Amino acid sequence: MPLSTLTGTRLRERRLAAGLRQADVAEAAGISASYLNLIEHNRRKVSPELIDRLAGILGLDRAALAGDEDAALVEDLRAAASRATPTLAELDRAEELVSRFPGWAELLVALDRRVQMLERAVEALNDRMSHDPHLSQALHEVLSSLSSVRATAAILAETEDLDPQWASRFHRNLHHDSERLAAGAEALVAYLDAGSGIAEQGIASPQEEVEDWLNRRGWIFTDAELASGCRDDVAALASTAARSLAQRLLAEAAADARALPETAFAAALAVTGPDPLSLADRFGADPLTVMRRLALRSDVAAGLVICDGSGTLTFRKPASGFPLPRFGAACPLWPLYTALGRPGQPVEALVSIAGQGGRTFRTVAWGQMQHPQGLRGPELRAAAMLILPAEPGAGAALPVGSSCRVCAKAECPARREPSILGLAL
Amino acid sequence: MTLHVLLIEDEPNIAEAMRFILSREGWRVSHLAQGTEVLERVRADRPDLLILDLMLPGMSGLEILAALRADPETRALPVMMLTARGRDRELAEQAGADRFISKPFSNAEIVAEVRALVGR
């Protein structure tokens with residue numbers, strides 16, 4: 001397995017942090033101290049077996065040492081840098097930052113997310129001020145009655161020879177409009193005071209809130225939990241929109257579970273493996289249902305993305321090492337989009353993430369059309385792509401990215417916009 | 001000849017106050033409370049000036065203005081628009097209004113603007 005070039009740096013940092021001498025570690029791993037020294041300075045590649053031994057000696061998770069987990073963090077850092085224009089960040093040294101200062105790197109990514117959330121919140125508030133029909137109606141009411149009060153009061157005050165009949169008429173109008181003005185002002189104050197919470201105003205996007213919750217749960221639900229609707233979990237989400245998204249997701253998962261009950265599904269899965277078409281055939285279910293069901297299992301370890309006809313991701317369960325774009329459109333080379341354009345025909349493809357040491361995934365994608373309003377209703381499309389770990393030595397893979405801005409693939413025919421990595425790498 | 005002002009305003013009390021103010025200047029004021037008949041009335045009565053509220057039931061002030069400006073017969077009619085918000089002013093300007101008065105206006109302001117607009 002190809003390893004990140006900076007495994008050595010990481011190894012050195014962790015060894016020093018553990019207070020171990022190079023010679024002792026080398027001896028325990030059965031290599032010479034000078035060889036370990038070369039490895040630590042990234043001048044020798046390390047075999048997976050040696051990584052395992054070294055991880056054991058240092059008491060570390062293998063993945064942490066090999067940098068699997070860091071790939072996502074590197075991707076997030078690059079994405080953060082892509083949003084700063086002009087970027088002053090040393091893009092080619094993102095891996096080094098992650099390996100040497102993982103805490104600072106996490107903090108940077110967390111801050112970047114926070115900035116984006118706040119930007120969205122400002123936009124939401126701005127939209128609210130300029131487009132909210134209630135606010136605009138309330139203001140109009142106040143300004144109208146105020147106009148009337150002002151004009152009428154001025155007539156009463158400034159017209160010396162005002163006919164008594166007219167005068168009493170204007171007094172009546174003035175009284176009526178001042179009542180209206182008071183009511184309008186009260187309504188306005190009540191509206192502005194209503195103070196829906198920060199979460200309600202879009203500080204965190206509802207999708208992010210739901211994804212955070214799913215990530216905390218590890219995306220695993222038992223059939224019993226699904227049948228009960230996980231009400232406590234849903235109630236704990238901060239915004240109404242997030243609760244409604246979560247409810248929809250859970251309702252769908254519960255329906256999927258009824259169509260493909262756990263015992264029978266697990267038995268069939270043991271026979272067929274994660275093959276959505278064969279499983280769909282066995283249960284008379286549609287492949288999209290099977291793919292969602294597969295994604296919410298711990299034994300498959302699959303990532304899943306689903307998009308609608310516009311290509312927008314509507315479901316995104318990450319797979320380790322396969323970065324999904326946080327915002328905006330994904331890589332047009334994903335087999336997901338091939339399947340979207342070719343409904344009813346399965347697409348199976350090996351892909352590797354460009355610029356990430358050639359890590360390979362097996363993807364299975366399927367697209368289908370739906371007519372929820374019948375013959376004359378709109379045609380809806382949806383496509384799904386399972387992201388599965390590839391067998392070692394599976395063959396040539398198509399290099400894809402997460403999204404153009406942070407993709408290292410050179411000379412890509414599908415490129416929409418220049419990559420910020422283009423110059424730096 | 002007496003100046004004829006056609007006033008389009010859906011708030012009855014504002015309309016009443018404006019009628020009073022303009023009439024005292026010796027002008028003839030006719031009034032409509034909604035947007036739907038404005039075009040017919042303008043063609044039939046040939047007013048010297050139109051005072052048009054932006055937010056009207058039936059047909060919005062902007063639609064009326066656009067229709068007036070599109071017709072060669074009414075293209076030159078001076079139009080004064082009553083707006084409540086700054087943002088509307090831009091829209092009214094694009095639609096071809098000659099003057100704007102923001103609510104809440106002062107009576108003296110209305111009279112002065114009418115005088116300036118018809119050159120009297």
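## Chain A at a glance

Among contacts in chain A between residues at least 6 apart in sequence, 66% join residues at least 24 apart; two residues are in contact if their C-beta atoms, placed from the backbone, lie within 7 Å. This is a predicted model, in which local features need pLDDT of at least 70, side-chain atom pairs count only at pLDDT 80 or more, and totals for chains, interfaces and linings use all residues. Residues are numbered from 1 along each chain as its sequence is written, while chains are lettered from A and ligands numbered from 1 in the order in which they are written.

Chain A holds 19 helices and 6 strands. Helices (H or I, at least four residues) and strands (E, at least two) are DSSP runs, numbered from the N terminus. Of its 425 residues, 32% count as buried. A residue is buried if 20 or more other C-beta atoms lie within 10 Å of its own, exposed if 12 or fewer, and partly exposed in between.

The largest nonpolar core has 67 residues, and A:L336, A:A383, A:M385 and A:L386 have the most contacts inside it. Such a core is a set of buried Ala, Val, Leu, Ile, Met, Phe, Trp, Tyr and Cys residues joined through C-beta atoms within 7 Å. Another core, of 37 residues, lies apart from it, and its members include A:I155, B:A15, B:L68 and B:M80.

Take a look at A:M385. Leaving aside its neighbours within four places in sequence, A:M385 touches A:V305, A:W334, A:P335, A:L336, A:A339, A:T363 and A:A365.

## Where the chains meet

Chain B brings 15 residues to the contact and chain A brings 14 residues. On the side of chain B that touches chain A, helix 1 (residues 12-24) of chain B gives the most, with 7 residues. By class, that side of chain B has 9 nonpolar, 3 polar and 3 charged residues. Here Ala, Val, Leu, Ile, Met, Phe, Trp, Tyr, Cys and Pro count as nonpolar, Asp, Glu, Lys and Arg as charged, and the others, Gly among them, as polar.

## A helix pair in chain B

Helix 1 of chain B also packs against helix 5 (residues 107-118) of chain B, at an angle of about 55 degrees and with their axes 10 Å apart. Axes are lines fitted to C-alpha atoms, for helices over the stretch in contact, and angles run from 0 to 180 degrees between N-to-C directions. The angle makes helix 1 of chain B oblique to helix 5 of chain B; under 35 degrees counts as roughly parallel, over 145 as roughly antiparallel, 65 to 115 as roughly perpendicular and the rest as oblique.

Which residues meet? B:M18, B:I21 and B:L22 come from helix 1 of chain B, and B:N107, B:I110, B:V111 and B:V114 from helix 5 of chain B. These divide into 6 nonpolar, 1 polar and no charged.

Most residues other than glycine have a negative phi, and most peptide bonds are trans. A:C230, not a glycine, has a positive phi of about 45 degrees. A:C230 sits in the loop between helix 12 (223-228) and helix 13 (231-235) of chain A, and counts as buried because there are 20 C-beta neighbours inside 10 Å.

B:R46 is not a glycine either, yet has a positive phi of about 50 degrees. Is B:R46 buried or exposed? With 12 other C-beta atoms within 10 Å, B:R46 is exposed. Finally, the peptide bond from B:K103 to B:P104 is cis, with omega near -5 degrees.
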